[in-house]
Amino acid sequence: MTMENPPIAELQRIESLAAELAALAGADIQFALGKAMQVSYKGEPGWMRDPVSEVDHACEVMIRARLAEAAPGHDIIGEEIDDRPGRNHDWVWAIDPIDGTANFVSGLPMFAASIGVLYRGRPVAGALWCSATHALRPGVYSAHINGSLNFDGAEFVRPDRAQVRRSLVGTPQGGTAEPFDTRLTGSAAIECAFVAAGLLAGTRLGAPNLWDVGGGAALVLAAGGDVRIHTAEGWVPFTSFEGPDGDLARWRAPMALGRPDALEALMV
């Protein structure tokens, strides 16, 4: 059964808004680079593995304020702020103001601002501002379902890499995925963007949250890639996000995205 999609005009508006928000977050992130900032860590005292900066919080505050004007009533699930303005609404915005915060606070330029848009649980649009791109500069990848992958507002054309015999894939903890070479960036969102753009043939993510992959999954699907999730039945085709007890904010599952041949190597 084919699931009903929103009207194309609305999808285009939603993608444009998502790209605007991603670009605004990227501008705030770039402004903060090189400046002193407050950094705290989530979890138990002494557990120094999940940093959050003041920039993460400020970016999400800005994004939520803009959405309150441009998409009133829509639900928002963000990493930093536990506020659901439209619980059970058909439209849900999954926001990660900085994915790869550990890289960001350390000055390693591999991080992204991720804006994902779900319609009845399905990722139908997304925009990712990435600190590094195919163009060797920051920029925004965006897309909507049944549309094209765009970069900074223009349709993205994948470069011809027919002569490359050993492509790259992302893996959660390194390791091997023959016949591919593996990479670990520290940002699920940027790896999704790189898969959509063809810089990576695929990536396998250990147990991302909704906000980590809501935008990236939309990009990969729009670019013609496959998406799988791991369930009790093993790896299965991804159709929509479904949280436990209907709570999307609690969704979490291993995910693989990319070309079919890459997924076969990664889903082991």
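## Briefing: a hairpin, a mixed sheet and some salt bridges

Let's start at the hairpin of β7 and β8: five residues sit between the strands, and Asn146 takes a positive phi near 65° there. Strands here are DSSP runs of E with at least two residues, helices are runs of H or I with at least four, and both are numbered from the N terminus. Keep in mind that this is a predicted model, where local features need pLDDT of at least 70 and side-chain atom pairs count only at pLDDT 80 or more, while totals for chains, interfaces and linings use all residues. Residues are numbered from 1 along each chain as its sequence is written, and side-chain values use heavy atoms, with hydrogens and water left out.

**Around β7**
- Strand β7 (residues 139-144) is mostly covered, with six of its six residues buried (under 20% relative accessible area; exposed is over 50%, partly exposed in between, with a 1.4 Å probe and protein chains only).
- Gly139, Tyr141 and Ala143 point one way from β7, Val140, Ser142 and His144 point the other way, and all are buried.
- On one hand, β7 pairs with β6 (residues 122-130) in the antiparallel sense over six bridges; pairing takes at least two DSSP bridges between two strands.
- Cys130 has Gly139 of β7 as its bridge partner.
- On the other hand, β7 and β8 (residues 150-151) pair in the antiparallel sense over two bridges, and Tyr141 stands opposite Phe151 in β8.

**The six-stranded sheet**
- An open sheet with mixed pairing is formed by six strands, in the order β11-β10-β12-β15-β13-β14.
- The edges go to β11 (181-183) and β14 (234-237), which have a single partner strand each, so one side of each is left without a neighbour in the sheet.
- On average, neighbouring strands of this sheet are turned by 25° against each other, direction ignored.
- Inside that order, β10 (residues 168-170) and β12 (residues 202-205) pair in the parallel sense over two bridges, with Val169 opposite Gly202 in β12.
- Helix α4 (residues 188-197) lies across β10, β11, β12 and β15 (255-258), and runs at about 155° to β12.
- Contact means heavy atoms within 4.5 Å; axes are lines fitted to C-alpha atoms, for helices over the stretch in contact, with angles from 0 to 180 degrees between N-to-C directions.

**Salt bridges**
- The structure holds 12 salt bridges, each a side-chain nitrogen of Lys or Arg within 4 Å of a carboxyl oxygen of Asp or Glu.
- Asp75 and Arg84 meet through their side chains at 2.7 Å, N to O; Asp75 is buried at 1% relative accessible area, and Arg84 is buried too, at 18%.
- The side chains of Arg166 and Asp181 make a salt bridge at 2.6 Å, N to O.
- Arg166 lies in the loop between β9 (154-155) and β10, and Asp181 in strand β11, so this pair ties together parts that are 15 residues apart in sequence.
- Both ends count as partly exposed: Arg166 at 35% relative accessibility and Asp181 at 27%.
- Asp245 and Arg250 meet at 3.6 Å, N to O, where Asp245 is exposed at 77% and Arg250 partly exposed at 48%.

**Helix α1**
- The 25 residues of α1 (residues 8-32) reach 36 Å from first C-alpha to last, close to the 36 Å expected (1.5 Å times one less than the number of residues).
- Its buried residues include Leu11, Ile14, Glu15, Leu17 and Ala18.
- Just after α1, Gly34 takes a positive phi of about 85°.
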